[in-house]
Structure formats: C-alpha cells, structure tokens
Amino acid sequence: MATGIEIAGLTLAAFPVVIDGLAHFVEGVRIIKSWGTFRSELASYQYGLRTARAFFQNTLEELLEGIATQEDILMFRGNPEGMTKPNPEYEKQLKLRLDHDYDNCLEAMTRILSAMETLVKKLDLDAAGKIMWDDRPTIKREVKRIKIVLSKKIYKELLDDIDKANQDLLLRTRQGRRLESSRTRNRSKRQTVDFGSVRRRVKSLWDALVAGKSWRCACQNHHAASLRLDPQQWERGTLEEHIRFELLL
C-alpha cells in the first residue's frame with residue numbers, strides 16, 4: 001500500500017498532465033469560431049484545475065513543514081515524482097502529526113488522485129498530457145469526441161469532488177498541526193517510566209543473587225550486579241514490554 005507521501009507525489013504529478021491536456025483542447029477548438037462558449041468552458045475547467053493544484057500544493061507544504069527539509073519541499077514543488085520514493089522517517093513523523101486522522105487525510109488525497117485519473121481517461125491523454133487521438137483526420141470525429149468527454153455534468157462533478165477533498169485535507173492538516181503539541185505532551189506523559197515496575201524487576205534480581213537459594217555459596221553477601229537502563233522512546237504498548245536491562249556479573 002502506498003504511503004501518504006507517495007500518494008501526495010502521485011497526485012501532484014497528475015495535475016500538469018490534465019492541465020496540459022485541456023490546453024490542447026482549448027487550442028484545438030480555437031479555430032472554430034462558433035465554439036466560443038465551449039472554448040470558455042474549457043478554459044474555465046483549466047483554471048479550476050490550476051487553482052486546485054495550487055490549493056493542494058499549499059496544503060501539502062503546510063502539512064510537511066517541520067517534517068521535511070526545506071530543500072525537499074522545494075524539490076517536491078518542482079519534481080513531485082521525487083515524493084514517490086519512500087521516506088520512512090517522513091512517514092513516521094507525518095503519522096505522529098496527524099494521529100488518528102492519518103487515514104482520513106490519505107483518503108482525501110486518494111479521492112483527488114482518483115478524480116485526476118478519471119480525467120486522464122476521459123480525455124484520453126498520454127503521460128505527457130498529449131491527446132492520443134489528436135492526429136485523427138476527421139474533424140467531425142474530434143468534435144464529437146470533445147462533446148462526449150467534456151460534458152458539463154461530468155467535469156463539474158469531478159471538479160467539485162476535488163474541491164471538497166482539498167477542503168477536507170486542509171481542515172485536517174490545520175487541526176493536526178494545532179493539536180500536535182498537546183498530543184506530544186500527552187504521549188510523553190504516557191511514556192513516563194514506571195519506577196514501580198523497575199523496582200519490582202530489581203528486587204527479583206536481588207532475590208535471585210543474594211536473598212534466594214539459587215546460588216549455594218558462603219559469599220552471597222559479596223555478590224554484585226551492575227545494571228544499565230538506556231533511555232528509550234516508546235510509541236505503542238506498555239512500558240513493561242519494553243524495559244530491558246543489561247546485566248554484568
């Protein structure tokens with residue numbers, strides 16, 4: 001399954017393909033004077049997608065601020081394909097920031113990507129945004145195809161879905177950032193060392209080495225053990241599951 005960073009990269013990379021494809025359509029109908037209104041609708045779709053792309057990119061930068069380096073954010077802006085390479089550390093920090101909203105943000109980005117893929121299919125575009133049936137000789141066939149694939153209802157629904165997903169992603173991003181500090185504090189409190197558990201484990205060791213009957217020798221009072229408890233960060237589970245000692249006899 002693709003990570004949040006990877007889906008964001010795929011989505012960001014899909015926008016230029018559709019925007020360029022619509023640009024080809026606008027140029028294609030420019031020569032037909034009677035299609036002035038239709039040309040305006042095409043330009044409107046193109047503007048709507050450019051706006052949606054800027055909205056998504058701004059939200060993404062806000063979401064990754066403080067997680068990704070500024071150099072990577074600038075690189076993502078110019079080369080979104082670079083985001084499709086897994087980065088476990090970025091993904092880990094993203095999950096901590098979004099907490100239980102991580103999957104919802106993933107769903108919002110997936111909805112946008114799905115709408116973009118539908119647009120690519122409807123327009124019959126290649127990976128570079130070129131119309132694959134643009135070289136056909138019969139202009140009537142092209143005009144008919146334009147009427148079919150650029151129906152107002154289909155495009156309005158897709159653009160509305162992109163807009164709703166964008167708004168949802170922005171809302172969850174800002175909520176996640178606003179709640180991040182308090183969640184970090186609460187997580188830190190949950191990770192406080194349970195000294196009672198440590199004491200019980202040390203006592204068990206004492207009983208085994210000195211007070212117990214495991215070692216039958218006259219020098220039990222001189223037995224010694226050195227314990228080292230390294231500081232750790234635990235995100236899940238109980239502390240008792242993670243407490244480990246190194247024992248030197």
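Contact here means heavy atoms within 4.5 Å. Keep that cut-off in mind for the opening stop of this tour, which runs through a predicted model.

**Stop 1: Asn166**

Select Asn166, which sits in helix H7, residues 152-190. Is Asn166 buried or exposed? Its relative accessible area is 1%, so Asn166 is buried. Now show what surrounds this residue. With neighbours within four places in sequence set aside, Asn166 is in contact with Ala52, Phe55, Phe56 and Ile112. Two of these names, Phe56 and Ile112, return below.

**Stop 2: Phe15 and Phe56**

Phe15 and Phe56 make up a tilted one, with 6.2 Å from centre to centre and 40 degrees between the planes. Phe15 belongs to helix H1 (residues 4-29) and Phe56 to helix H2, so this pair ties together parts that are 41 residues apart in sequence. Both Phe15 and Phe56 are buried.

**Stop 3: helix H5**

Next, colour helix H5, residues 102-123. Its 22 residues should span 32 Å at 1.5 Å a residue, and the end C-alpha atoms are 32 Å apart, which agrees. Which residues of H5 are buried? Among them are Tyr102, Cys105, Leu106, Ala108, Met109 and Ile112. Ile112 is also one of the contacts of Asn166. Further along, the buried residues of H5 include Leu113, Ala115, Met116, Leu119 and Leu123. An α-helix has 3.6 residues a turn, so residues three or four places apart point the same way.

**Stop 4: before and after H5**

Select Asp99, in the loop between helix H4 (88-98) and H5. Asp99 is not a glycine, yet its phi is positive, about 55 degrees. Most residues other than glycine have a negative phi. Asp99 is partly exposed, at a relative accessible area of 33%. Then go to Asp124, which follows H5 and also has a positive phi, near 60 degrees.

**Stop 5: salt bridges**

Switch to the charged side chains. Side chains of opposite charge can pair when their charged atoms come close. How many salt bridges does the count give? The count comes to eight; the pairs below are a selection.

Start with Arg111 and Asp161, whose side chains meet in a salt bridge at 3.4 Å, N to O. Arg111 is in helix H5 and Asp161 in helix H7, so the pair ties together parts that are 50 residues apart in sequence. Arg111 is partly exposed at 28% relative accessibility, and Asp161 is partly exposed at 28% as well.

Move on to Arg77 and Glu61. Their side chains form a salt bridge of 2.8 Å, N to O. Arg77 lies in helix H3 (residues 70-78) and Glu61 in helix H2 (residues 36-64), so here the parts tied together are 16 residues apart in sequence. With a relative accessible area of 37%, Arg77 is partly exposed.

**Stop 6: back to H7**

Finish with Asp168 and Arg172. The two side chains meet in a salt bridge of 2.9 Å, N to O. Where do Asp168 and Arg172 lie? Both are in helix H7, four residues apart, which is about one turn of the helix.

Technical notes: Residues are numbered from 1 along each chain as its sequence is written. This is a predicted model: local features need pLDDT of at least 70, side-chain atom pairs count only at pLDDT 80 or more; totals for chains, interfaces and linings use all residues. Side-chain values use heavy atoms; hydrogens and water are left out. Helices (H or I, at least four residues) and strands (E, at least two) are DSSP runs, numbered from the N terminus. Buried means under 20% relative accessible area, exposed over 50%, partly exposed in between (1.4 Å probe, protein chains only). A salt bridge is a side-chain nitrogen of Lys or Arg within 4 Å of a carboxyl oxygen of Asp or Glu. The expected span of a helix is 1.5 Å times one less than its number of residues. Rings of Phe, Tyr and Trp (its six-membered ring) pair if their centres lie within 6.5 Å; planes under 30 degrees apart count as stacked, over 60 as edge-to-face and the rest as tilted.
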